[in-house]
Amino acid sequence: MSQYDIYNIFDMASSYMRPSEEQHVTEVVVHEAVIPVVFVPGVMGSNLRNTKEGGKWRVDNPWSVLGWFSKSAQDRKEILNPNQTEVDPDGQPPEGITRRYVDFATRERIPGDYLAKARGWGEVGKMSYGDFLVWLENQLNIDDDADFDILQTDLTDYYKIVRQLPEAEAESRAEANIRTLGRFNFPVHACGYNWLQSNKDSAATLARRVKDIIAGYQAARMVCHSAILVTHSMGGLVARCYSEVDGGKDNLLGIVHGVMPTVGAGVFYRRMKCGTEGSWATSQVLGADGEEMTAVLAQAPGPLQLVPTPQYGRGWLRIETEGQPDVALPTGDDPYTDIYLERDKWWGMMEPEMAMPELEGSSEHRQRQLDEAWASYSRVMNLSVKPFHQTLTNQFNANTYLFYSNSNDYVSYGAVCWRGEDLSNHHLRHRAVMIHNQMGTQRSIQQTDTQSDRRIYLRYTVSEPDEPGDGTVPARSGSIGSRQAKESLRVATGHEPAYNDTYARWFTLGSILEIASTWS
């Protein structure tokens, strides 16, 4: 049994009535209701543990991920196995909750770290989200008149400066937000999920969590029937699946999305082929080359569901070769056939050899095992990725708010281009070296000229990011949904630390209060 009741913590007031026939006490709730705010993290933003191998993916701080610097592709594949992993709730919770919460049964103050873990904060990466969760909890749960005045001034400035509203309108909206804040209690929870599994499965995890949270407050005799979701990156896909595909919208007042890869991102193709882009340290943790990434991703439906959908557009993968016509794929609305399930072309997304780092070069059954790896990956693509994309197309909660980045300071892969140069006249030894560099940003290809029957050596190099965005999601994907949203905001932020951006935070806070004002 838990040491403290985290649900029966909100203030009640007592009204004493003395009818002539008897004396009794009637309790009156100070606030109208409890509206839980549930944060849903992005891919790799939930802490995981392997139930068989014993390894962990823990994002508490930079030190907690140092062990991944030395992990081989085979190590990564074994530890990050979707079928052997579960959410690890024992991550380090952030500190700094300012409101004093008391367990009304024991009249004891609930320690901040206990409350944070009980609300699921230990399930998500403190390094990415800890500061934001504390900030959001403290802003939504102020209980001092002076703090309300300060917050109203800050919200007015936000509406004037960021949203560029006329002063009178900015003041009016801020005042309405503060009234809403005074009407409800807004406890901030988090829901980690196994990001290696399909986002469809993660939506079921979120459904159970929202149901349990609402039931917890109801059992404590609080008025609570709906939650508000705040999502980061892939968490937005999980939330939309829960809300619009699985019927969860009946338990939601609305959703705030941040830097969501709404129709995928070209960078995930690039990572499968070449490893993680960006800084050396980041690539060493996430996967430095195609083998380290493919060994994990080829078996993981969740990350694979982040590849560009048909709505992303045509021609985002280009192969440019000296003296040959350029190739732009997909040519139609089927990137699955044209790119993801293309096995015979070197630029196809999944290379079975990189998905099977455990194979010995002379293994007797090597080809059979490679075929099995391809068949397993194909099943994931056909049974998990493609159907998930189809069911989520144009599906948004009716009360959606979203922000995205459209910045040239955070250039992202909109298109991915392989540019080839002819090495046929280079020294044979140089050509041989290049042929074996097949897991990074280059590929060396041998072809035969059909006219001269001469062997040609080509070296292809992958392009650099080319479109404004957040460094991961290009604006072409992140901005989709703006038309369906009640409000959207374009910011200039990096992807992983998006909720540390000041404008993104104030947009989120204002959006939560706008959504809450629809409660009835």
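**Helix packing and buried elements**

Tutor: In helix H8, Arg271, Met272, Lys273 and Cys274 meet Gly290, Met293, Thr294 and Leu297 of helix H10. Contact here means heavy atoms within 4.5 Å; helices (H or I, at least four residues) and strands (E, at least two) are DSSP runs, numbered from the N terminus. The model is predicted: local features need pLDDT of at least 70, side-chain atom pairs count only at pLDDT 80 or more, and totals for chains, interfaces and linings use all residues. Residues are numbered from 1 along each chain as its sequence is written, and side-chain values use heavy atoms, with hydrogens and water left out.

By class, the contact of H8 with H10 has four nonpolar, two polar and two charged residues. In this scheme Ala, Val, Leu, Ile, Met, Phe, Trp, Tyr, Cys and Pro count as nonpolar, Asp, Glu, Lys and Arg as charged, and the others, Gly among them, as polar.

Two packed helices are described by the angle between their axes and the distance between the axes. H8 (residues 267-274) and H10 (residues 290-297) pack at about 115°, with axes 5 Å apart. That angle makes H8 roughly perpendicular to H10. Axes are lines fitted to C-alpha atoms, for helices over the stretch in contact, and angles run from 0 to 180 degrees between N-to-C directions; under 35 degrees counts as roughly parallel, over 145 as roughly antiparallel, 65 to 115 as roughly perpendicular and the rest as oblique.

A second pair is H4 (residues 145-161) with H17 (residues 502-516), at an angle of about 110° and with axes 11 Å apart. H4 is therefore roughly perpendicular to H17. The H4 side consists of Leu151, Asp154, Leu155, Tyr158 and Tyr159, which meet H17 residues including Trp506, Phe507 and Leu513. The residues of this contact divide into nine nonpolar, one polar and two charged.

Helix H7 (residues 235-245) is largely enclosed by the rest of the structure, because 10 of its 11 residues are buried, that is, under 20% relative accessible area, where exposed is over 50% and partly exposed lies in between (1.4 Å probe, protein chains only). Among these buried residues are Leu237, Arg240 and Glu244. They pack against strands E4, E12 and E13 and helices H6 and H14. After H7 comes glycine 247, with a positive phi near 80°.

Glycine 420, in strand E18 (residues 416-422), is also buried, at 11% relative accessible area. Its C-alpha atom is separated by 4.0 Å from that of tyrosine 460, 40 residues apart along the chain.
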